[in-house]
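Hi everyone, thanks for coming along. Let me put the sequence and the model up on the screen, and then we can walk through it together.

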Amino acid sequence: MPFVPHTEDEVREMLATIGVNSVDDLFAEISADMRPKSFDIPEGLSEMEVLSKLEALAAKNATDSVSFLGAGFYDHYIPAAVDALTMRGEFYTAYTPYQPEASQGTLQAIFEYQTAVTRLLGMECANASVYDGGTALYEATMMAVRKTRRRKIVVSEGLNPIYRVMLGSYTTNLDVDLVTVPHKDGQTDLAGLKNALDDSTAAVLVQNPNFFGSINDLTELFAAAKAVKAVSIMSVYPVLQTLLKTPGEMGADIAVAEGQSLGMPLSFGGPYLGIMTCTKEMVRQLPGRIVGRTTDTEGRTGYVLTLQAREQHIRRQRATSNICSNQSLCALRALVHMCALGEMGLKRAARVSMERAHICAERLTAIPGVEMLTKGTFGNEFAVTLPVNAFEAIDKLAERGYIPGFPLGRYFEGLENGLLVACTEKTSEEQIGIFAEMLRGALK
Amino acid sequence: MIPEDLLYAKTHEWVMIEDDVATVGITQFAQEQLGDLTFVELPEVGDTFEAGAEMGSVESVKAASEIYAPVSGEVIEVNTELEDAPEKVNEEPYGAGWMLKFRIKGAPEGLLNAEGYAAVVESEAH
């Protein structure tokens with residue numbers, strides 16, 4: 001079969017059937033000045049030429065840098081089993097099959113994924129995933145709006161600014177008021193958030209650890225939200241959940257996460273994984289697919305999509321979301337990753353990442369002029385203020401193969417000297433030492 | 001089959017009016033069409049509706065549909081037992097499966113008697 005959509009003969013045949021002479025005639029309705037003059041597409045190339053062109057482009061990427069970039073996306077070690085298993089042809093399909101009579105394996109994998117993420121976050125229910133952490137946060141917000149029939153959303157500025165931008169953009173044309181409570185020198189303003197709650201509040205949105213890396217107990221805030229019948233939504237970093245108090249333990253109604261750190265490589269921003277979990281009480285508002293376990297008429301275990309009545313193909317106009325396609329292959333990767341590491345392995349990855357970050361913080365703050373911005377407890381990420389603009393420092397070190405972190409000034413006015421630094425179990429103490437010395441040199 | 005002492009909306013809700021209070025549920029025909037109910041979503045006490053407005057939904061194993069307010073008024077009581085036992089609507093749509101009570105505002109309009117509703121069922125059943 002040729003790799004062309006249709007041959008010249010077929011084109012002629014189609015045009016004859018319609019009753020026009022040429023493709024230009026087909027578009028005669030559109031006046032000439034409205035049509036593109038040229039598509040500016042170069043002539044075709046051979047496979048070998050394309051390959052060498054792409055290789056030349058790929059070679060421009062700095063692939064061997066040592067990176068301290070986090071800001072919501074982390075370079076954790078991915079066991080070889082994750083690729084080996086998830087790249088099997090049975091899983092590598094273009095579309096996720098859901099027919100229960102034919103897809104027990106796919107459905108069981110999703111069910112196991114749901115079980116794993118609910119356990120990780122200490123919640124009762126999960127869906128089969130959505131696009132990414134930001135989309136999950138938006139969907140969670142809309143769950144709260146539907147449930148409470150209110151429109152005020154209290155947003156902590158400690159939430160990842162990328163998610164806040166997404167939330168703003170998704171809700172631009174919706175009847176929703178986003179009320180942002182500013183951070184206080186990198187700390188989530190718990191009192192400010194509490195004060196912003198009232199009986200018109202649909203939800204309070206917080207992140208733990210917050211964008212600056214600081215860890216909070218949000219139990220009291222969530223209790224205050226419950227008192228005004230607002231929904232508590234918490235965004236978390238899944239790897240650290242093995243060590244921290246979970247959203248469930250803090251009393252969150254909905255917990256979401258970017259699942260990238262559970263076995264997804266950092267590949268220019270995706271495909272990633274939006275984890276969505278909630279309490280049983282909220283499950284009817286949960287968008288997307290949910291797989292349930294049941295028994296057939298002969299008592300055998302079977303897996304099926306459940307709570308279908310809220311789904312797009314039954315009440316299209318009433319669907320709880322129309323952007324809730326799941327990330328089945330990524331969800332499978334997360335499941336295999338969690339299974340390969342096990343509870344102890346996940347805890348160990350989290351602990352080592354934290355230890356490295358604390359060593360890194362100590363080394364960096366020993367440099368004159370470098371101060372901790374993150375106060376109190378932090379995990380594998382923290383913010384410092386430099387005596388110079390962080391963008392400049394990043395440029396200097398990046399030239400030498402070290403990416404020092406994320407410049408806070410990109411999203412936070414007044415924090416132009418702020419640098420967000422992340423470590424994982426892949427960050428060696430030697431690399432931390434070199435980074436600290438390079439930064440010391442750059443600041444002289 | 002269709003109780004004579006009730007009034008009906010074309011959208012398959014039944015209404016029993018006593019003074020200014022209307023008790024509302026869905027009909028035998030509606031529950032049969034839906035099949036085994038799995039969830040009933042109802043408004044809260046204090047919510048007000050105009051007749052014909054959507055006020056909740058019912059989900060069954062095979063479908064979901066909206067419930068419309070058959071009269072205008074304020075919700076004064078909700079059958080909270082349906083939260084845990086939606087099957088009551090299947091078992092006794094005109095009894096234990098009642099859904100909510102309204103304090104009626106203005107005179108009910110456009111409701112059918114049993115005979116009128118039987119004609120609606122007749123036309124939809126074919």
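**Two helices side by side**

Helix 11 of chain A and helix 13 of chain A are roughly parallel to each other, and roughly parallel is the word for angles under 35 degrees, with over 145 called roughly antiparallel, 65 to 115 roughly perpendicular and the rest oblique. Their axes come within 9 Å and cross at roughly 25°. An axis here is a line fitted to C-alpha atoms, for helices over the stretch in contact, and angles run from 0 to 180 degrees between N-to-C directions.

Before going on, a word on where this comes from. This is a predicted model, where local features need pLDDT of at least 70 and side-chain atom pairs count only at pLDDT 80 or more, while totals for chains, interfaces and linings use all residues. Residues are numbered from 1 along each chain as its sequence is written, chains are lettered from A and ligands numbered from 1 in the order in which they are written, and side-chain values use heavy atoms, leaving out hydrogens and water.

Back to our pair. Nonpolar covers Ala, Val, Leu, Ile, Met, Phe, Trp, Tyr, Cys and Pro, charged covers Asp, Glu, Lys and Arg, and the others, Gly among them, are polar.

Now, how does helix 5 of chain A pack with helix 11 of chain A? The angle is about 60°, with the axes 9 Å apart. That makes helix 5 of chain A oblique to helix 11 of chain A. This crossing is left-handed. The residues in this contact divide into 11 nonpolar, one polar and one charged.

Let's step back to the whole chain. Chain A has 13 helices and 15 strands, which are DSSP runs numbered from the N terminus (helices are H or I, at least four residues; strands are E, at least two). Of its 444 residues, 50% are buried, meaning under 20% relative accessible area, with exposed over 50% and partly exposed in between (1.4 Å probe, protein chains only).

Which residues touch the most other members of the largest nonpolar core? Among them are Y113(A), L221(A), I275(A) and M338(A), in a core of 45 residues. A nonpolar core is a set of buried Ala, Val, Leu, Ile, Met, Phe, Trp, Tyr and Cys residues joined through side-chain atoms within 4.5 Å. Helix 11 of chain A gives the most to this core, with eight residues. A second, separate core of 31 residues includes I153(A) and L167(A).

T246(A) sits in the loop between strand 6 and helix 10 of chain A, and at 9% relative accessibility T246(A) counts as buried. Over in chain B, S57(B) lies in strand 6 of that chain and is buried too, with a relative accessible area of 4%. S57(B) and E41(B) are 16 residues apart in sequence, yet 5.1 Å apart in space, C-alpha to C-alpha.

Conventions
Left-handed = near helix turned anticlockwise from the far one by under 90°.
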